[in-house]
Amino acid sequence: MPSTPRPRPKILIVLHQESSSPGRIGHMLIEEGFDLDLRCPPLGDALPETLDGHAGTVVFGGPMSANDEDDFVRRETDWLKVPLRENRPLLGICLGAQMLVNHLGGKVEGHGEGLVEIGWYPLQATEAGRKLMHWPEMVYQFHREGFSLPSGATLLATAETYPNQAFRYGDNAWGIQFHGELTRAMMQRWVVRGAHRFELPGAQPGRDHLGGRLIWDMHLKRWLGEFLQTIFGKPALS
């Protein structure tokens, strides 16, 4: 008799707005053989007490600050002890990375001169990052705060305005400040809804967001696929 295929392992996806989407990351994980378990804590979704039923988790970004006093921000930041304690693969993106930094005792704050990164900006891999993989030279950013490097973490990529761009903590926890998950439709939405932020110091005009995508996004997409495989591996389905 033919063997019964194993059920597809699930990745816990943590989102922060009703309109949020895991975008390209969701597409890539599904293509690799994972299912997605979507939760949105600001809308009242609970996070699991254990990740025994999951292959890992991705905590995405959002317009709020990791320093906000909202109950869900405090609960979600504290919840990160679950994947850390169980040594499950954890990826924090932008807000997700900043929550992880706060949980690990680091600091999240704006630039001393009020500069933001909103648009496409150069990225430079550290020696530790280069040993891991080839990194894109330009990445897409949309943030007004950055984070310190938590004690015990390894810096993987850096930049001029916000020096801490990507890090690894322990075996399985990762944080990145920039965004590789945006589809073209998502970027168009961000450009329309976030247009008021293009006046902030250091931000790029909206036309440069979509124009830069034509030049640099293919490299960012290639890196993202390799990065996700490094973190989550490829599940055996049979």
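Let's start with Asp71, which is partly exposed, with a relative accessible area of 41%. This is a predicted model, so please read every value here as computed from it. Arg75 is partly exposed too, at a relative accessible area of 45%. Both residues sit in helix α2 (residues 71-79), 4 residues apart, or about one turn of the helix.

How far apart are the closest N and O atoms of Arg75 and Asp71? They lie 2.6 Å apart, and the two residues form a salt bridge.

## Salt bridges across the sequence

In total, the model contains 12 salt bridges. One of them joins Asp35 to Arg8, with 2.9 Å between the closest N and O atoms. Asp35 belongs to strand β2 (residues 35-39), while Arg8 is in the segment before β1 (10-14), so this contact ties together parts 27 residues apart in sequence. Asp35 has 33% relative accessibility and therefore counts as partly exposed. Arg8, with a relative accessible area of 31%, is partly exposed as well.

Another salt bridge brings together the side chains of Lys234 and Glu32, at 3.0 Å from N to O. Because Lys234 lies in the segment after α7 and Glu32 in helix α1 (residues 23-32), the pair ties together parts that are 202 residues apart in sequence. Are these two partners buried, partly exposed or exposed? Lys234 has a relative accessible area of 58% and is exposed, whereas Glu32, at 22%, is partly exposed. The cut-off for buried is under 20%, so Glu32 with its 22% is not counted as buried.

## Trp120 and its aromatic partners

Now for the rings. There are 12 aromatic pairs in the structure. In one of them, the ring centres of Trp120 and Trp216 are 5.8 Å apart and the planes meet at 45°, so the pair is tilted. The two residues come from distant parts of the chain, 96 residues apart: Trp120 is in strand β6 (residues 117-122) and Trp216 in helix α7 (residues 206-232). Trp120 counts as buried, at 3% relative accessibility, but Trp216 counts as partly exposed, at 27%.

Trp135 is buried, with a relative accessible area of 5%, and Phe227 is buried at 1%.

## A cluster of rings

Which residues do ring pairs link into a cluster? They are Trp120, Tyr140, Phe142, Trp190, Phe198 and Trp216. To place two of these members in the model, look for Trp120 in strand β6 and Trp216 in helix α7.

Terms used. Residues numbered from 1 in each chain as written. Predicted model: local features only at pLDDT ≥ 70, side-chain atom pairs only at ≥ 80, totals over all residues. Heavy atoms only, no water. Phe/Tyr/Trp six-rings, centres within 6.5 Å; stacked < 30°, edge-to-face > 60°. Buried < 20%, exposed > 50% of the residue type's maximum accessible area, 1.4 Å probe, protein only. Salt bridge = Lys/Arg side-chain N within 4 Å of Asp/Glu carboxyl O.
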